[in-house]
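Colleague: I would like to learn how to read the features of a model. Could we take them one by one?

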Amino acid sequence: MISIGPARYPQARWGSYAAYLSYEFKWNEKLILQAGFRYNYFHLQAEFDTAFYPFPFTEARLNKGAPIGNVGLIYHPAARWTLRASLASGFRAPNVDDAGKVFDSSPGSVIVPNPELKPEYAWNFEAGVARAFGDVARIELTGFYTLLQQAMVRRNFQLNGMDSIIYDGELSQVQAIQNASSAYVYGVQAALEITFPKGLGLQSSFNWQRGREELDDGTVSPLRHAAPLFGITHFTYAVGRLKMDLYAVYSGRIAYENLSEESRSTPYLFAADKNGNPYSPAWYTLNFKARYEVTDFFACSAGVENITDQRYRTYSSGVAAAGRNFILSLQVKF
């Protein structure tokens with residue numbers, strides 16, 4: 001027997017258009033000015049089927065445009081030094097998943113569509129410094145700060161005047177993606193590259209960030225989308241047609257008290273600490289890959305990912321990542 005069931009998403013038509021200009025001016029041998037301008041236009045029309053769920057609306061329409069831009073300076077005080085700073089704005093319009101997801105549930109809560117959702121805007125400032133040590137090494141450090149306005153986050157909502165409904169046999173809090181007052185993210189990025197003799201090399205990058213968002217009651221909570229510190233480090237060896245890469249991928253811990261209010265309400269996405277509270281554990285993987293070019297037209301590659309067979313979840317994914325994984329590939333060029 002075949003029967004018609006409710007759709008996860010509404011029928012929708014979506015479009016995005018943009019025009020942009022860029023400009024670069026070399027003030028002198030040491031100073032370069034870069035600037036850009038972009039205009040985005042977005043439209044979304046979604047039609048909701050009320051045959052299964054009694055929505056108080058039948059469609060959502062979004063037609064928004066926004067000018068965004070950036071300006072930056074690059075300064076070379078000496079041959080091996082680079083200083084840079086930039087200011088940029090950003091714009092993200094709601095997609096069908098944001099505005100139209102139909103009854104995506106988690107224990108004790110259910111997400112409903114929000115046809116009143118608006119775009120979010122971002123202002124970003126960053127400054128960085130890089131230093132090269134001949135052809136042997138390079139170090140780079142960048143700090144950044146991003147302010148989000150009308151940030152799209154999940155909040156308690158009402159459906160037909162009710163803040164809770166019976167869904168799938170359970171009384172569930174009604175929630176929807178909404179425009180919060182504001183949110184901000186700040187952090188540091190660092191990178192290191194060293195070339196050793198006899199084909200050996202080291203490359204490493206690292207990112208640390210923190211975020212805060214304003215809640216409905218005016219209090220401030222950690223921002224869910226601000227990931228824990230993470231990084232990757234490669235030890236490489238290249239000789240002739242052979243290339244090998246031993247590398248580690250790693251992520252830091254987020255304790256329960258540093259989880260967002262939204263994350264605390266979805267404990268199934270996280271591990272439990274000694275007190276039974278959800279938290280995101282630190283993890284790492286050790287990996288190895290090699291590639292050998294037999295001829296100019298034929299190459300073979302092999303590798304092992306997660307050599308120590310760690311069990312881990314990437315932050316807020318709710319899905320355990322792969323264990324030890326073997327890779328073998330052949331490439332032929334014609």
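Colleague: How far apart are the mean positions of the positive and negative charges of the protein chain?

Modeller: Lys and Arg count as positive, Asp and Glu as negative; His and the chain ends are not counted. Each charge is placed at NZ of Lys, CZ of Arg, CG of Asp or CD of Glu. Here the mean positions of the 31 positive and 30 negative charges are 8 Å apart.

Colleague: What kind of model is this, and how are residues numbered?

Modeller: This is a predicted model, where local features need pLDDT of at least 70, side-chain atom pairs count only at pLDDT 80 or more, and totals for chains, interfaces and linings use all residues. Residues are numbered from 1 along each chain as its sequence is written, and side-chain values use heavy atoms, with hydrogens and water left out.

Colleague: How many helices and strands are there?

Modeller: Both are DSSP runs, numbered from the N terminus: helices are H or I, at least four residues; strands are E, at least two. The protein chain has 2 helices and 21 strands. Its C-alpha atoms fill a box of roughly 70 × 50 × 50 Å along the principal axes.

Colleague: What share of the residues is buried?

Modeller: Buried means under 20% relative accessible area, exposed over 50%, and partly exposed in between, with a 1.4 Å probe and protein chains only. Of the 334 residues in the protein chain, 34% are buried.

Colleague: Is R155 buried or exposed?

Modeller: R155 lies in strand β9. It counts as buried because its relative accessibility is 8%.

Colleague: What does the side chain of R155 reach?

Modeller: A polar contact is a pair of N or O atoms within 3.5 Å; within protein, one must be able to donate a hydrogen and the other to accept it, and residues adjacent in sequence count only if both atoms are side-chain atoms. The R155 side chain reaches the backbone oxygen of E214 at 3.1 Å. For contacts in general, the cut-off is heavy atoms within 4.5 Å. Leaving out residues up to four places away in sequence, R155 touches several others, including V174, A180, E213 and D216.

Colleague: Which residues other than glycine have a positive phi?

Modeller: Q150 is one of them, with phi of about 55°. It sits in the loop between β8 (137-149) and β9 (152-156). D309 is another, with phi near 55°. Its loop runs between β20 (298-305) and β21 (325-332).

Colleague: How accessible are Q150 and D309?

Modeller: Q150 is partly exposed, at 31% relative accessible area. D309 is partly exposed as well, at 40%.
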